Amino acid sequence: MNESLIVRGAALVDGSRTDLLVRDGVIVEMGHALSASGATVIDADGLLALPGLVDLHTHLREPGFEQSETVLTGSQAAAAGGFTAVHAMANTSPVADTAGVVEQVASLGDAAGYATVRPVGAVTVGLRGESLAEIRAMASSRAAVRVFSDDGKCVSDALLMRRALEYVKAFDGVIAQHAQEPRLTEGAQMNEGVVSGELGLAGWPAVAEEAIIARDVLLAEHVGSRVHICHLSTAGSVEVVRWAKSRGIAVTAEVTPHHLLLDEELVRSYDARYKVNPPLRRAEDVMALRAGLADGTIDIVATDHAPHPVEDKDCEWGAAAFGMVGLETALSVVQASTVETGHLAWTDVARVLSSAPAAIGRLGGYARGVVVGAPANITLYDTAARSVFSTPDLRGKSTNSPYLGRELPGRVVTTIHNGYATVLDGALVDPETVARAAGAHRG
Ligand SMILES: NC(=O)N[C@@H](CC(=O)O)C(=O)O
Ligand SMILES: [Zn+2]
Ligand SMILES: [Zn+2]
């Protein structure tokens, strides 16, 4: 295979303009007026070339919940959002707690070809929090799992958490904790505070998140291992992580796009599209999360894309499932909540949505960005576009987006994964073409 591609006149995050020559899945040359015989030319005039986005926290739902999402449809949603790699959470059925399941998920991702799919392994068998899963077998399997999480559930047993941290240290893995003290959140429906009091909904106190984070950074320090905190949602969580980093603890943290933009006032609508775990918090928390991302306390933005079928969302608040889809809107929501507010520059966006999550997941070449010699994972983005987000913009199987009907900035125009296009001019490239290109890339 000697497929070549020229991306013409893209703006890089540092503001410079360049052409990019891509051959056999690698960026081989950057400069002006590049040419190559037989190359496909993509006009990127006026577009920003970001490194392909990497999501550390995606729910793809396969195996087991294919009515909500599959590896194929979820990676199509990812490509539409400018992602070229996703980490698929383990709360499937069966749970991804064995080498067999993680290898199955990775193979489905390879076959689809829309993004690199890295399975996350469960920390405990069946996510039950009772005994450790086959962490070592998943790490040394073909799927080479490096991120382990019981996400959806908290590893609340301190001894199990300690043992898990000790285990992953041997192969440079990381435990991604869903920080939710279960006893403090029994029956919880929304953030605990003034609004929950007014609405008469059971509250979810900030301390339930912060206490687990405090415990786990201390355990990580004690063991000398890496810990990652999923979906930080409170000002206090930012404070705890800031303190831990100041002590040199190897902690990394993520925030979701929705926690950067939306707050608990939306729950007054009783619209279950706003029901999510952890819950939308106060406006002060949103501001603290933006500040924490800006000063580096929070390392990355991760979508927590959580598809649910209509019947689990189109119902009364108390009965509805927790979770929102977020792959297609992530970059636009980050633009609205951090770039347009002056918290981040585009170089920072490239870091928090690509190189930093790639580094945490130990995704080699992905951490390098748009440079000669790096794998050609490139997202061409129109920062000046503005449009009302609507159902046809959703490319996954589920429609539980809180942004439907909302005006958002930016548009993903083209996504290039391993040197071939998965999205061209805003449209998904068809599955057969993508699968063939992916197969050719694998050789
Ligand atoms: N975020 C959610 O509200 N839901 C997630 C689980 C999780 O991320 O904790 C899901 O799997 O639906
Ligand atoms: Zn979670
Ligand atoms: Zn999740």
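Predicted model: local features only at pLDDT ≥ 70, side-chain atom pairs only at ≥ 80, totals over all residues.
Biologist: What is the order of the strands in the open sheet, and which strands lie at its edges?

Modeller: The sheet is open and has 5 strands with parallel pairing, in the order 9-10-13-14-15. An edge strand pairs on one side only, and that applies to strand 9 and strand 15 (300–301).

Biologist: Which residue of strand 14 is the bridge partner of Ile229?

Modeller: Strand 13 and strand 14 (residues 251–255) run parallel and are joined by 3 bridges. In strand 14, the partner of Ile229 is Ala253.

Biologist: Which residues of strand 10 are buried on its two faces?

Modeller: In a regular strand the side chains alternate between the two faces of the sheet. Strand 10 is covered on both faces, with Val174 and Ala176 buried on one side, while those buried on the other are Ile175 and Gln177.

Biologist: What covers the buried residues of helix 4?

Modeller: The residues in question are Met161, Ala164, Leu165, Tyr167 and Val168, which are buried in helix 4. Their cover includes helix 3 (135–139), helix 6 (206–223), strand 9 (147–148), strand 10 (174–177) and strand 13 (227–229).

Biologist: Which elements do the buried residues of helix 12 pack against?

Modeller: In helix 12, which spans residues 431–442, the buried residues are Val434, Ala437 and Ala438. These residues lie on the same side of helix 12, because they cover an arc of only 100° around the axis. The elements they pack against are helix 2 (99–112) and strand 18 (420–424).

Biologist: Which residue follows helix 12, and what is its phi?

Modeller: Helix 12 has 12 residues and reaches 16 Å between its first and last C-alpha, close to the 16 Å expected at 1.5 Å a residue. The residue that follows helix 12 is Gly443, with a positive phi near 80°.

Biologist: How many nonpolar, polar and charged residues make up the shell around ligand 1?

Modeller: The residues surrounding ligand 1 are His59, Asn91, Asp151, Gly152, His178, Val276, Asn277, Asp304, Ala306, Phe322 and Gly323. By class, this shell has 3 nonpolar, 6 polar and 2 charged residues.

Biologist: What is the omega of the peptide bond from Asn277 to Pro278?

Modeller: Asn277 is one of the residues around ligand 1, and Pro278 lies in the loop between helix 8 (257–261) and helix 9 (283–294). Most residues other than glycine have a negative phi, and most peptide bonds are trans. The bond from Asn277 to Pro278 is cis, with omega near -10°.

Biologist: Where does Pro63 lie, and what is the omega of the bond from Glu62 to Pro63?

Modeller: Pro63 is placed in the loop between strand 6 (53–58) and helix 1 (71–80). The peptide bond from Glu62 to Pro63 is cis, with omega near 5°.

Biologist: Which residues is Glu340 in contact with, leaving aside its neighbours within four places in sequence?

Modeller: Glu340 is found in the loop between helix 10 (330–339) and helix 11 (346–360), and it counts as partly exposed because it has 13 C-beta neighbours inside 10 Å. The C-alpha atoms of Glu340 and Pro409 are separated by 9.3 Å, although these residues are 69 apart along the chain. With the neighbours within four places left aside, the contacts of Glu340 are Gln335 and Pro409.

Conventions
Residues numbered from 1 in each chain as written. Chains lettered and ligands numbered in written order. Near = placed C-beta within 6 Å. Nonpolar A, V, L, I, M, F, W, Y, C, P; charged D, E, K, R; others polar. Buried ≥ 20, exposed ≤ 12 C-beta atoms within 10 Å, placed from the backbone. Helix = DSSP H or I, 4+ residues; strand = E, 2+ residues; numbered from the N terminus. Contact = placed C-beta atoms within 7 Å. Pairing = 2+ DSSP bridges. Expected span 1.5 Å × (residues − 1). Arc of directions from axis to C-beta.
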